[in-house]
Amino acid sequence: MQVTITVNNRSITRDVEARTLLVDFIRGELALTGTHVGCDTSQCGACTVLVDGKSIKSCTMLAVEADGHEVSTIESLEKNGELHPMQAAFRECHGLQCGFCTPGMVMSTVDLLQNNANPSEPEIREWLEGNICRCTGYHNIVKAVQHCASGTKGA
Amino acid sequence: MGSIGQPLKRKEDHRFLTGRGKYTDDIVRPNQAYAYFVRSPYAHAKINGIDKAEAEKADGVVAIFTGADLEGIGGVPCGWQIHNKDGTPMAEPPHPALCTDKALFVGDEVAIVIAETKAQAKAAAQLVMVDYEPLPAVSSIKAAIAEGAPLVHADAANNRCFDWHLGEKDPVDAAFAKADHVVEMDVVNNRLVPNAMEPRSAICEYDPSSDMTTLWTTSQNPHLIRLLLGAFVLQIPEHKLRVIAPDVGGGFGSKIYLYAEETVVTWAARKLARPVKWTAERTESFQADAHGRDQIGHARLALDKDGNFLGLHIKNKANMGAYLSTFAPAVPTYLHGTLFAGVYKTPAIYVEVEAVFTNTAPVDAYRGAGRPEATYQLERLVDKAAAQLGMDKIELRRKNMIPKEAFPYQTPVALQYDTGDFIACLDLGLKSADWDGFEARREEAKKRGKLRGIGISTYLEACGIAPSALVGQLGARAGLYESATIRVHPTGSVTVFTGTHSHGQGHETAFAQIVADHFGVDFEAVDIQHGDTSQTAFGMGTYGSRSLAVGGSAIVKAADKVVAKGKKIAAHLLEASEADIEFEDGKFTVKGTDRSKTFGEVALTAYVPHNYPIEEVEPGLEETAFYDPKNFTYPGGCHICELEVDPETGMIEVCNITVADDVGRVINPMIVEGQIHGGVAQGVGQALYEGCIYDDDGQLLTGSYMNYTMPRAADLPMMTVGNHVTPCTHNPVGAKGVGEVGSIGVTPAVINAVVDALSPLGVKDIEMPATPQRVWAAIRAAQG
């Protein structure tokens, strides 16, 4: 089936098998390997991307479902050599170790702050229910989101 | 300058944050094919035949191989040999890379299907017809040791792998004979699945024209994989086998080992002369990654009337799974039995461990590896002793602790601690956690209908493994030194090649801090390389919290060699005697003068040797060093957990975790705290959430994130981390290691807190994981 998907502001038209998951399309077809696959039951959140601005686990969606939609991956966040404030906050607060869950964490929390510019600690933790990290114990991820939110408020 | 001790931001972060990390599954080779494994759905089955005819006809199939095709290659080897009490070696049954006549656990590799696409390989795998004849299985330690239990391996009688001991029995018997009190308890150490977020993956490419095989794989120790795979299994000489572990998404032990999958992928890529790639699905990770823990045991502590520990007798049983994974036998023995002195001056200790085979996935080292099991047993026992004797649990610990004046301290279980200050860590932890103010918080919680508890663990671990001669005596089939090469470039920037591997630990940053300070160059001028056997000297990789203590020491040693050579060059340039040259803050100076050459000038001279002592010194500025540790290192400290139980539901809320550790000298406090946070999360996970369950038939009931509880963000509190440093005395970095302290120290503190919370109801013990169901049941049982 032919799909046209805007990925990171680029319109892309491809023939895909109907069963192709969006994450496989992103990683395999487009070689955007920043989006990761950490499980096979849509639990871990390593594959989180934004679809029309909302965070979505790209393993829960078929590529054909994304036809006509806008997809943003981790590769789209850095602009003109400047990290996105959330990326910068993760670096500042040591919110990542092995880096594997990180793209999903960043994409998910970018969406969190779009919905809630000043989330409380429990709200951050609750929001991250669908993103598993095995390295950080979440402590510094929560701090990174708080750090980013405090910066966003000032801007 | 002085970057050591500063919380410098990590060099590795930019690539991970922008999606530019390069993990094994991200690697694509031209014309690569994809592999999918056919795995046994039975825990124990005879394989009467495999019909692959229909599968071979499926779309896109390139080849299908079974155990029969692999004839002639070695089995997957074990790297550690334990001896029984009577001196005979452990049972070491073969581990064929693909099953031949029998499958021994659910997930055991039966065949590999290779196709043009992953989907085709997976679809064709469903068409491979395996004629299984299910056999009775043993899925737990208790089932394995039961009278008349089915045998996992015909040549391992009673399913016994080994029957090992450490320490002396007679003094322990004598201690119990004169004891005023004996405290004893049974302890279960629950089985865990490591669950690094990146599933294992391997891609192998063979170039027939150069006869070179390149394997990219998710490994914590690529040289070890090259050695085992090349020399012991596939007979590929080392200069023709290159193993690359690129960015690796967490390991926690599970990526130390040589597994069947990369073995078969490598064999198949060579056979087909075509790149073959395999990446585990999470379900496969649950089934076939080496699991952790899984011990049951009985502990007895003898005390005098004043509460002084007189003797300790440990009698444990450990599950090895179906096959011996690479370091499995070391885990419940030398990484476990040696830990039973802990922070205490118990004069007599005797440890017995029987290891058994079961029809489950192999069990090996998982973050902490043997030490969490020992620490849990000991710290639960000490709490129970305090309760039984009616003593304060802090005072009982304090009075039995090894005082700092006693170092170096020889334990009755082989280790000699070089340094530490356990009482200082205890005091720091108590103060930081406001231990003395707890009862008021308990009362306040009671008004809200909650049962609040506090728990402590004072512990020590042994890491920085380890002196090669010693581990050789203990059965290791490898040395445990580390390597480093420092290449100073002509303009004074530096590339460091380390034999360790970073998969989250931040070596690229912390190691650069050490080198930058050593040479007085900018932190940004130092780059750390790791993970490619073709680049780095033979190194042993990363596990057992060894990278800074052992790998960092190799780096310091190599840096010293660079400085020594630099002094010769500087002496020539400054027309001074070499003995008069001092090196400090990036300058070679003639003692007592202001005449000096910078590090950069000396480096440039080494590569542009126009005015150079060429008869005495070679051009170039590059040195390699191997560092063999002189002893284990001994991090330790005090972990305190405070939590609340809802008696109506059994739900637990962890309110806070306080850590007061001594991990030796700290290079980057930000990274050290991060390591502790992560370890604590895994330790809390073991205590409250995680448990790998096989049913009686050996079916894995916890095979995905739907039914294996990974700690999520809302399951954990913010943590308070303090540090009381006593530098390691026997390595040049002064570091002890930090990777595992969290997962070792916190688990008993959490369970001690749960028991403390429930103790007003009369609950004395609870099994891990303390799930709401278990807690609720314990409350109901206590209430009669």
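The model is predicted: local features need pLDDT of at least 70, side-chain atom pairs count only at pLDDT 80 or more, and totals for chains, interfaces and linings use all residues. Residues are numbered from 1 along each chain as its sequence is written, while chains are lettered from A and ligands numbered from 1 in the order in which they are written.

Between the chains, 40 residues of chain B are in contact with 43 residues of chain A, contact meaning that the C-beta atoms of two residues, placed from the backbone, lie within 7 Å. Helix H1 (13-17), helix H8 (282-288) and helix H17 (669-689) of chain B each give at least two residues to the side of chain B that touches chain A. The largest share of that side, 6 residues, comes from H17(B). Helices (H or I, at least four residues) and strands (E, at least two) are DSSP runs, numbered from the N terminus. By class, the side of chain B that touches chain A holds 18 nonpolar, 13 polar and 9 charged residues; Ala, Val, Leu, Ile, Met, Phe, Trp, Tyr, Cys and Pro count as nonpolar, Asp, Glu, Lys and Arg as charged, and the others, Gly among them, as polar.

Helix H6 (residues 222-234) of chain B has 13 residues, yet its end C-alpha atoms are only 16 Å apart, short of the 18 Å that a straight helix would reach at 1.5 Å a residue. The expected span is 1.5 Å times one less than the number of residues. Of the 13 residues of H6(B), 10 are buried, so the helix is largely enclosed by the rest of the structure. A residue is buried if 20 or more other C-beta atoms lie within 10 Å of its own, exposed if 12 or fewer, and partly exposed in between, with C-beta atoms placed from the backbone. The buried residues of H6(B) pack against strand S10 (212-217), strand S11 (241-244) and helix H7 (260-272) of chain B. Just after H6(B), B:Gln235 takes a positive phi of about 50°.

Most residues other than glycine have a negative phi, and most peptide bonds are trans. A:Tyr138, in the loop between helix H4 (121-127) and helix H5 (139-154) of chain A, has a positive phi of about 70°. A:Tyr138 is buried, with 28 C-beta neighbours inside 10 Å. B:Asp434 has a positive phi of about 50° and is partly exposed, with 15 other C-beta atoms within 10 Å.

A cis peptide bond joins B:Phe407 and B:Pro408, with omega about -5°. The bond from B:Met768 to B:Pro769 is also cis, with omega near -10°.
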